[in-house]
Amino acid sequence: MTRIWKAYCQASLILRVTIALMLGVVVGLVGGEQVAVWLAPLGDLLLRLLTFLIVPIVLFTLMVGVNQSREGSAGRVGGKVFGYYLISSTLAIMVGLAVATLFSPGSGMTLDESASFSVPENPGVVDTLLNIVPDNIIGAFAELNMLGIIFTALVFGIALLKMRQSERQHAMGERLYGVIESLNEVTLKVMSGVLHYVPIGVFAIVAETVSQQGLETLLSLGDMVVVLYIALATQLLIYCGIMRLFGVKLRTFFREARTPMATAFATQSSSGTLPLTVNAAHRLGISKSIYGFSLPLGATLNMDGAAIRIAISAVFAANVIGAPLDFISMVQIVLIGTLVSVGTAGVPGAGIIMIATVFAQVGLPIETVALLTAIDALVGMGCTALNVTGDLVGTSVIARSEGEELQEEFVEEAPAAVKG
């Protein structure tokens with residue numbers, strides 16, 4: 001038994017996750033819902049373990065990153081992060097509209113008038129911005145208010161940096177920084193242990209999802225699913241072009257990105273995959289001062305996959321009612337979709353909320369959302385994987401723009417390879 005476990009741990013993580021995905025599909029199709037019920041707790045455990053790591057990962061990584069920033073670089077990097085995410089989300093919606101217009105999903109379908117869907121409340125952009133400043137730090141941590149956690153880490157990280165730069169408080173600041181840096185290393189050590197469980201959890205989640213969705217759902221709305229994945233692949237090719245433009249080696253990038261991509265695909269959670277995305281950035285040799293800020297923020301705000309989903313869903317709905325979108329409606333979708341992707345950040349069921357909000361703004365029937373919920377899991381898997389990929393692409397590009405070199409190979413024994 002010990003020998004088997006040792007061989008399992010020594011095998012490549014992406015190999016284990018890939019095998020887990022394939023086995024999950026087979027077991028889900030053959031075993032049915034009965035098997036899925038037995039496996040569900042294993043999948044829930046993975047989600048709990050990843051969620052368990054989110055607060056310490058964001059808090060300690062960002063505080064350490066702020067204190068490793070070069071003088072005057074924090075504001076510049078922050079501007080690049082926000083700029084990239086805004087442009088990336090807008091581009092994703094445009095890609096979705098272009099691909100959907102080309103393939104026209106939903107043409108020939110008719111709307112079931114009896115279909116109904118209760119639209120969840122959209123908190124709006126203003127409330128989301130106000131939630132950046134939590135009225136209770138403990139509450140922000142307990143509720144996993146990502147923007148609130150990021151704000152807390154930034155404020156205390158900057159205060160700690162000022163202490164270390166002060167003559168009177170320098171010694172105290174250095175001692176406190178040493179403690180936080182140690183806590184960050186402990187968190188990474190815990191994460192390395194959780195990584196061994198990831199393939200098991202992925203297997204269980206995929207088996208449960210496939211058993212519940214089955215092939216009938218995929219076939220009934222197959223054109224919508226196929227068009228969406230074509231758009232996701234198109235956006236991925238655009239990522240590759242951007243990375244080549246900035247000198248990011250694709251083989252090096254995907255060597256580390258494939259594990260968080262596969263996990264995001266299975267779990268459908270950008271925030272839940274954050275520990276793995278941080279680990280990938282660490283292994284790529286990107287400095288904590290960059291990925292400690294860009295990845296937590298990206299998991300909350302940057303949703304390229306969801307943006308593509310908004311665009312394709314809008315074209316699908318317009319085709320179902322026989323009223324193809326005109327140019328003005330497409331411009332509205334680009335503008336509203338980009339803003340809504342921020343306004344619904346961190347809300348459960350964010351994808352459906354975004355779609356319903358955009359539909360209401362451009363005059364599309366909300367009833368069509370009920371059709372789309374039938375394939376929510378199938379499209380959500382691909383969209384979440386692209387969300388996570390987009391975060392890591394942006395982080396890598398920004399790192400290169402700051403003059404950093406991505407590591408060709410990761411050496412476990414040399415943590416100093418991560419630039420500070």
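**Helices, contacts and salt bridges**

Reader: Where is S104 found?

Author: S104 sits in the loop between α3 (73–103) and α4 (124–130). Helices (H or I, at least four residues) and strands (E, at least two) are DSSP runs, numbered from the N terminus. The model is predicted: local features need pLDDT of at least 70, side-chain atom pairs count only at pLDDT 80 or more, and totals for chains, interfaces and linings use all residues. Residues are numbered from 1 along each chain as its sequence is written, and side-chain values use heavy atoms, with hydrogens and water left out.

Reader: What is the phi of S104?

Author: S104 has a positive phi of about 50°, although it is not a glycine. Most residues other than glycine have a negative phi.

Reader: And is S104 buried, partly exposed or exposed?

Author: With 29% relative accessibility, S104 counts as partly exposed. Buried means under 20% relative accessible area, exposed means over 50%, and partly exposed lies in between (1.4 Å probe, protein chains only).

Reader: Let us turn to A36. Which helix holds it?

Author: A36 belongs to helix α2 (residues 13–68). A36 counts as buried, at 5% relative accessibility.

Reader: Which residues does A36 touch?

Author: Leaving aside residues up to four places away in sequence, A36 touches A207, E208 and S211. Contact here means heavy atoms within 4.5 Å. A36 and E208 are 172 residues apart in sequence, yet their C-alpha atoms are 4.5 Å apart in space.

Reader: Staying with α2, how do α2 and α11 cross?

Author: Their axes come within 8 Å and cross at roughly 50°. Axes are lines fitted to C-alpha atoms, for helices over the stretch in contact, and angles run from 0 to 180 degrees between N-to-C directions. The two helices, α2 and α11, are therefore oblique to each other. Angles under 35 degrees count as roughly parallel, over 145 as roughly antiparallel, 65 to 115 as roughly perpendicular, and the rest as oblique.

Reader: Which residues meet there?

Author: From α2 come L50, L53, I54, I57 and V58, and they meet L274, P275, L276 and V278 of α11. This contact of α2 with α11 divides into nine nonpolar, no polar and no charged residues. In this scheme Ala, Val, Leu, Ile, Met, Phe, Trp, Tyr, Cys and Pro are nonpolar, Asp, Glu, Lys and Arg are charged, and the others, Gly among them, are polar.

Reader: What about α10 and α11?

Author: Helix α10 (residues 250–267) and helix α11 (residues 274–284) have axes that come within 9 Å and cross at roughly 170°. That makes α10 roughly antiparallel to α11. On the α10 side the contact is made by T252, F253, R255, E256, P260 and T263, and on the α11 side by L276, T277, A280, R283 and L284. By class, the contact of α10 with α11 has five nonpolar, three polar and three charged residues.

Reader: How do α9 and α13 pack?

Author: Helix α9 (residues 222–245) packs against helix α13 (residues 304–320) at an angle of about 140°, their axes being 10 Å apart. That makes α9 oblique to α13. The contributors from α9 are M224, V227, L228, A231, L232, Q235 and Y239, while those from α13 are D304, G305, I308, R309, I312, S313 and F316. The contact of α9 with α13 holds nine nonpolar, three polar and two charged residues.

Reader: New topic: how many salt bridges are there?

Author: The count comes to seven salt bridges, each being a side-chain nitrogen of Lys or Arg within 4 Å of a carboxyl oxygen of Asp or Glu. One of them pairs E174 with R164, with the closest N and O atoms 3.0 Å apart. Since E174 lies in helix α7 (residues 170–195) and R164 in helix α6 (residues 146–165), the pair ties together parts that are 10 residues apart in sequence.

Reader: How exposed or buried are the two partners?

Author: E174 is partly exposed, at 31% relative accessibility, and R164 is buried, at 18%.

Reader: Which residue forms a salt bridge with E185?

Author: K288 does, the closest N and O atoms being 3.4 Å apart. The pair links distant parts of the chain, with K288 in helix α12 (residues 288–301) and E185 in helix α7, 103 residues apart. K288 is buried, with a relative accessible area of 6%, whereas E185 counts as partly exposed at 39%.

Reader: What about E405?

Author: E405 forms a salt bridge with R400, and the closest N and O atoms are 3.4 Å apart. E405 counts as partly exposed, at 49% relative accessibility.
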